[in-house]
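Hi there,

Here is the structure I promised to pass on.

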Amino acid sequence: MKNNNQNVKNTIILGALLHDIGKFWERARERDENGNPIENLGSEFEEVTPKPRHYHARWSAQFTKENQFLFSDPEKIIDLALYHSNPRKENINDQFVEIADKLSSMERRMDETKDVDEIREFPKSWEVPLISIFNRINLTEERKNHKLEYNLNPLSLNKDIIFPIKIGKFPRNAYKESLKVRIEKDLKDLRNIRISQDDILTLYYLLYKYLWCIPSAAPSKDEKRVPDISLFDHAKTTAAIAVCLSDSHKLYDVKNLKNLKGALREEYKKKKGSAINAKNKTLSPKYEIILKEPFFCQVSGDISGIQNFIYSISQHKSAPGVSKRLRGRSFYLTLMTEIFARYLLRVVNYPITNLLYCGGGRFDILLPNNKEIVQKIDKAISEINEYLLENFYGELGIIVEKKSFGCRELYEYDEILKNIDINISIAKKKKFSEKAKEDINQLIYPKDIHEEELKQKNPSNRIDHCISCYKVSVDANLPTEEKICKLCKMHKRIGEILPKIDGIIFADGKLEFNNNVEDFVEISFDKFGAVYLPILKDKNKQIKIEALKEVKVEYFAINSTENFWKKVDISKHNISAGFKFIGNTAPKAIKGFRIQEREEPYREGDVLDFDAIADMSIGDKRLGILKMDIDNLGLIFAIGLTEDDKSDRTISRIATLSRAFDIFITGYINNICENIFEKWKIDPNNNCPYKDKIGNIIYITYSGGDDLFIIGPWSEIIELSKMMNNEFKDFTCRNPNITLSSGIFLCKPKFPVKRFAPLVGEILEKSKIDGKKRNTVFGETISWEKENGYPSFIDLLLFGEELFEAINSKKPENRLARGFVHRLLRIRKIRFKDETQEMDLRFIPDLIYNISRNVKKEAKFKAKGGDEKVLWSYLKEKLISIEPKMMEKIKIPASYALLKSRKEG
């Protein structure tokens, strides 16, 4: 009989989350010089004798016992951890966790590389580091024959922690010294503040913090285990699968449960196993049937219309703060995605473990294929689309696709995602089609609830439209500067407050704050939930939250994992805590100052507008707009994880890959922006009069999924694109199969957002069409690396910097005329043949003439990282002999040098 008890469900989730924690807890024992553990198990677990390969289960029970204050019914969770590999026949929950554990780890296979009697020496489990998942990706480019790994550290955005390096083996007490001491400190703190029992969310993020760098499995004599899946991702997916199984009616039939376990055992031997065990090619009919039984349902949502919604804002002179509204709109959409995903989980009463992915306007949820649950999901989706249609005039919609599948399909989980993506692409073309069947008039003439509200207040009101978005109805009698709708006002407030906050609060009901909150923004999504962005008066004190007991509250520390629970009172049963990585870098004033283009001075804490951002450029005062994304991401997930003609695209491996990308795109990106800012501050050519009065120069408008959109001073945005690519290569193990493409658009600060957004998108698309792994700027597309005899983007940017330094030389006798650089552009224009895409060799005498006529014979030049040279000979070498194809791409370095050396705004 199906078990509906919520306490039992929580027990299964917690037991599954902790089922393999013993792999960490056992490796973290104090060890003698021979590597043998000095510390032993408690006596109650020493007496339990599972198979030797399941010894870690006793340590999982030990960890749970030591920290039983976390649970309302610790004995049941201890038993689930203890028996997950050797389940008790009478306990069905043991068997759910056992099955989930197997389904989550189907990438492990029997070792086919050894003979039956062969004995090989394997490293100890505590010696094995987690290999970066990026080592595995293989599309068309040959990978380097080395593997990079992660050191043992609690998760943070520090480069030394999240970037893989060459390790080899850990020393004998590495786990204890690097992780155990620190997690025990955190657990002691949680005990002292009396964390609410069965707080799944807080425990989930504590495990994320410590288990992200631990391999879920080490190589063994029985199985071919590649240690590139983290213990956290394995625990998360095991919990998600286990709780789905517990809501699958058919598995409460003993016969079905027995058949499923038998089928998985045989499937493991045959599909993933060695030829030694594969005597028969097919499974028995009863096993085939149970493996195909659709126990699961993937629910994937995609918010459509995001690009149009974010960038369709005006730069009306009576509506200042377009940079804040742009950032606010982007973040509002990010929050909307999270709110809807959380609402779907809430209506079916499922935990955070089952939200497999959420970002970039997309979410993926794993649920059981349970008729009652699917009906609730369908109803909730209908409610969400009704809300979007009423409030956003059909501009935004949510496309949700569901796919039911069986256990066998978890082996190649990417196929499920691929099918869903295809269906979502088709469904986007039929947005609101179901609504059209019900009420076609509502789609053609959508009900304007904003206009109705105005008419209710005063039936004689004349209606105008918001001067910011030109969509929402406002009172025509208002002064022009007040004709801004509530949503646009909120977006501006979000953009203002986001760089100042340390955390975000999600709630499914109304909250109130007292004492320590200086200011906050409430972002309501009607019945679906609300988000609060609070600014604290005292950063060291808690946020005092007032809410009804039934209101669920989730606090997320932004870009910090240290003591992430401290800011709220998690002793209350309805309050939990976690952490979230967000690209929230923004240029803001740390002291007051004034710029010529702005009537009002900037005050401390103000976020800077586009005028100020452009004014911080070196040389010409322009904005740089950068759009960048990961190449071939769909292929990376579809075929990149396949190795040795066998699929390793399991649910846990894909979870590891998704999370790894997300850390860089949403979190580490802030570090790169900070590095650019620090370099800009000490640049000797930087004459910005208020450079000591600002906190940054880069505005991350959007970062999530696989792409980002960043605005900054043009001179630094180009440098940012280079640094972003270099850092991404290091982060992804310099695997040539994982690359970025980018496009950069330069404009004056008054250039309309709704025009530059699609233009930079077209520029990025040019990089993609011309071969990917490229950057397009100044109308030219070039590979990041040297290719086909062409210089790399880095070479071109370096030469552009050298030309600028020569133009800007403090010694008149060494100074290069700007006219020389202009002539380089003219030579290229005259001598470049469009039909062959090559330079006419007559460019060489043209170039020599230009150099001899316009470069002083006595001029000296010191190349970057080199010795001082005669300028005219250096230019001939650079443009003719060393880089013969430099002139074909001269537009990039020449335009860079000319813009940067320009003295006027």
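Which helices and strands each supply at least two residues of the lining of the largest cavity? Before the reply, please keep in mind that this is a predicted model.

The helices are helix 9 (200–211), helix 10 (231–245), helix 14 (322–348) and helix 23 (651–681). The strands are strand 6 (355–359), strand 17 (575–580) and strand 19 (699–704). Helix 14 gives the largest share of that lining, with 7 residues.

Some background on this space: the structure holds 8 cavities of 30 Å³ or more, and the largest cavity contains about 690 Å³. Its lining is made up of 35 residues. If you want to centre your view on the largest cavity, Tyr205, Glu338, Cys358, Lys580 and Asp662 are the lining residues nearest its centre. Sorted by class, the lining has 16 nonpolar, 11 polar and 8 charged residues.

I also looked at a pair of helices. Helix 26 (residues 793–807) packs against helix 30 (residues 891–900) at an angle of about 40°, and their axes are 8 Å apart. This crossing of helix 26 and helix 30 is right-handed. On the helix 26 side, the contact involves Leu796, Leu797, Phe799, Gly800, Glu801, Leu803, Phe804 and Ile807. Helix 30 meets them with Ile892, Pro893, Ala894, Tyr896, Ala897 and Lys900. Taken by class, the residues of this contact are 11 nonpolar, 1 polar and 2 charged.

Best wishes

Note on methods:
Residues are numbered from 1 along each chain as its sequence is written. This is a predicted model: local features need pLDDT of at least 70, side-chain atom pairs count only at pLDDT 80 or more; totals for chains, interfaces and linings use all residues. Side-chain values use heavy atoms; hydrogens and water are left out. Axes are lines fitted to C-alpha atoms, for helices over the stretch in contact, and angles run from 0 to 180 degrees between N-to-C directions. Helices (H or I, at least four residues) and strands (E, at least two) are DSSP runs, numbered from the N terminus. A crossing is left-handed if the near helix is turned anticlockwise from the far one by less than a right angle, and right-handed if clockwise. Contact means heavy atoms within 4.5 Å. Ala, Val, Leu, Ile, Met, Phe, Trp, Tyr, Cys and Pro count as nonpolar, Asp, Glu, Lys and Arg as charged, and the others, Gly among them, as polar. On a 1 Å grid over the protein atoms alone, a cavity is a set of points where a 1.4 Å probe fits but cannot get out, and a pocket is an open set with protein on both sides within 12 Å along at least five of seven lines; lining residues have an atom within 4 Å of a point. Grid points are joined across faces, edges and corners, and a volume is the space filled by probe spheres set on the points.
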